[in-house]
Amino acid sequence: MRTYVIADTSEVSGFDFDQLIDIDESYSRKSLDGSKILARYEGTQPFFLLGKTEYNESEILSILSDPEWTSEDII
């Protein structure tokens with residue numbers, strides 16, 4: 001089962017992307033202001049994310065629909 005965690009982008013230097021689904025930071029979703037990053041993994045929570053809130057797919061989709069993550073501007 002895929003699990004999601006939101007972290008501050010300042011913490012990315014401590015990420016081990018071998019333990020995450022995204023291969024590096026450029027593949028990870030970030031909040032519109034760039035202050036937060038979405039980490040995705042399967043299995044046990046990686047040590048560098050311990051203590052962070054875990055979300056399932058439906059929970060994270062609700063969060064990502066928030067204006068902090070999704071622009072309502074028409075392109």
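1. K30 counts as partly exposed, at 33% relative accessibility. Here buried means under 20% relative accessible area, exposed over 50%, and partly exposed in between, with a 1.4 Å probe and protein chains only. K30 sits in the loop between strand 1 (2-8) and strand 2. The model is predicted: local features need pLDDT of at least 70, side-chain atom pairs count only at pLDDT 80 or more, and totals for chains, interfaces and linings use all residues. Residues are numbered from 1 along each chain as its sequence is written, and side-chain values use heavy atoms, with hydrogens and water left out.

2. Beyond its neighbours within four places in sequence, K30 is in contact (heavy atoms within 4.5 Å) with T9, E25, K36, I37 and W69. With E25 there is also a side-chain polar contact of 2.9 Å. A polar contact is a pair of N or O atoms within 3.5 Å; within protein, one must be able to donate a hydrogen and the other to accept it, and residues adjacent in sequence count only if both atoms are side-chain atoms. E59 is 29 residues from K30 along the chain, and their C-alpha atoms are separated by 17 Å.

3. G43 belongs to the loop between strand 2 (36-42) and strand 3 (54-55). This glycine is exposed, with a relative accessible area of 54%. From G43 to I6 the C-alpha to C-alpha distance is 17 Å, for a separation of 37 residues in sequence.

4. Helices (H or I, at least four residues) and strands (E, at least two) are DSSP runs, numbered from the N terminus.

5. As for contacts in the protein chain between residues at least 6 apart in sequence, 68% join residues at least 24 apart. The C-alpha trace spans about 40 × 25 × 20 Å along its principal axes.

6. Of the 75 residues in the protein chain, 29% count as buried. The accessible surface comes to about 5,000 Å², and 48% of it belongs to carbon and sulfur atoms. Areas come from the Shrake-Rupley method with a 1.4 Å probe; for residues, only the protein chains shown count as cover.

7. On charge, the protein chain carries 6 positive and 16 negative side chains, and the centres of the two sets lie 1 Å apart. Lys and Arg count as positive and Asp and Glu as negative, while His and the chain ends are not counted. Each charge is placed at NZ of Lys, CZ of Arg, CG of Asp or CD of Glu.
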